[in-house]
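Hi,

Here is the structure I promised to pass on. Please have a look at it, and then read my notes below.

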Amino acid sequence: MTVLLIDDDPEVLDSSRQTLELEGLAVLAVTEAEAALARLGASWPGIVVTDVRMPGMDGFALLDRIRAVDPEVPVVLITGHGDIAMAIRAVREGAYDFIEKPAEPGHLVELVRRALDHRALVLENRRLRAQLADGGLEGRIIGRSPAIERLRAAVANLADAEVDVLLFGETGTGKELVARSLHEAGRRRSGNFVALNCGAMPDSIIESELFGHEPGAFTGAQGRRIGKLEFAAGGTLFLDEIESMPMHLQVKLLRVLQERAIERIGANRTIPLDLRVIAATKVDLLKLAGEGRFREDLYYRLNVVTVPLPPLRERREDVPLLFRHFLDAAATRSRRTAPPLDAATLGRLAAHAWPGNVRELRNVAERVALGLGDGLTPASSALSAAGTAEIEPLADQIDRIEKQLIEDALARCGGRVGETAERLGITRKTLYLKMRHHGLSRDDFTEE
């Protein structure tokens, strides 16, 4: 980032240049506005600091010319005491700010740094939007961290490979997005992408959902139903939370994966299948298999290729890009203008732990788009937006924070109560008591 400094008085120009350079700022000093214009462009990485009264093109004319090139280049005017009214008018017409001659060094440096930060943010937002407009994998799997670069490379490499894939990642890391990207980047894109959440399907109907059934196959089966496996023929079947699939269905799924054929419930005819299976899990399946809670042979059948998905805390440099994407999308849906992002907001976002990963980030962006503060404290932001002066009792606030911390810890430990208790530094019994107090069912989590 460069400061383009313009003043027709060589002594004043040299003094200002030295002041800024002593603060470590890059400065390009010229004595004529025309010479400055020749160096500017729509993506010029810097700001302009110019005197108002100059022979030839003055500061006002230069401001107009710069705004025609790029209206978001910050222009700081240096003005004599008698020009203050003109400077204020110029600010109304688009100048970033003004400073009075002779420029006090500390004030000049502070103003210039603020303008440079603003310009950097403008250029970053433009770059982010350009990247998000990319219709390829960069526009779908968003980020520029090394972890995301590796993930995109893996997806590009595996898209046309006729192998089943196991996606491994914490809750909220975007496993379904990666599965869809594998499907849409490959030769099966013209077929169906069929997603089934094994953890959200009751045992009583999941078999029918997978395999379909014939009329009269069981009570209530009045007509023929095409199951998810058959419907995915020619395309991709995505099995999310595969660790939640009942053991008896794991046996049947293993047979399907081996033979690439099914029989509908109540039928004797075998139906051949041409499909790709992508499974996703947030837990260690091999460890579950060792405990007898997941079939080891199914694990090895699914684990032809495993693709790890990095948690957001391990790629914090992607937070601004993702947040801008979600913020713009949320603002469009709610028919609002996306609020500008300042350095302070981006700093708070980068410092957050993101236990809920990308899903949590998207929710924060939704709240910001609705004007509910910085989005990181939804309850207090919502109260502020509503204009209420009520203060939540301290005990209730502590209760709510404790519940959130426990939920976050359980999510980061894959729902394993024993590991969660150990990492929180409390006994398993204490954790269970707190879970019961906060209405967190033991049935939703594993014992280890």
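A word on terms to begin with: on a 1 Å grid over the protein atoms alone, a cavity is a set of points where a 1.4 Å probe fits but cannot get out, while a pocket is an open set with protein on both sides within 12 Å along at least five of seven lines; lining residues have an atom within 4 Å of a point. Grid points are joined across faces, edges and corners, and a volume is the space filled by probe spheres set on the points.

This is a predicted model, in which local features need pLDDT of at least 70 and side-chain atom pairs count only at pLDDT 80 or more, while totals for chains, interfaces and linings use all residues. Residues are numbered from 1 along each chain as its sequence is written, and side-chain values use heavy atoms, with hydrogens and water left out.

**Cavities and pockets**

The structure has 2 cavities of 30 Å³ or more. The second largest cavity has a volume of about 50 Å³, and its lining includes Asp 160, Glu 162, His 183, Arg 187, Arg 188 and Arg 276. That lining splits into 3 nonpolar, 3 polar and 5 charged residues (Ala, Val, Leu, Ile, Met, Phe, Trp, Tyr, Cys and Pro count as nonpolar, Asp, Glu, Lys and Arg as charged, and the others, Gly among them, as polar).

The second largest pocket holds about 360 Å³ of space. Of its 24 lining residues, Phe 168, Gly 169, Pro 308, Leu 309 and Pro 311 are the closest to its centre. Helix α7 gives the most to this lining, with 4 residues; the lining as a whole has 12 nonpolar, 4 polar and 8 charged residues.

Helices (H or I, at least four residues) and strands (E, at least two) are DSSP runs, numbered from the N terminus. Of the 15 residues of α14, 11 are buried, so this helix is largely enclosed by the rest of the structure (buried means under 20% relative accessible area, exposed over 50%, partly exposed in between, with a 1.4 Å probe and protein chains only). Among the buried ones are Phe 323, Arg 324 and Asp 328.

Just after α14, Arg 335 takes a positive phi of about 55 degrees. Arg 335 is exposed, at 79% relative accessible area. Asn 357 also has a positive phi, near 60 degrees, but is buried at 0% and sits in helix α16.

Finally, the peptide bond from Lys 101 to Pro 102 is cis, with omega near -15 degrees. Pro 102 lies in the loop between β5 and α5.

Best wishes
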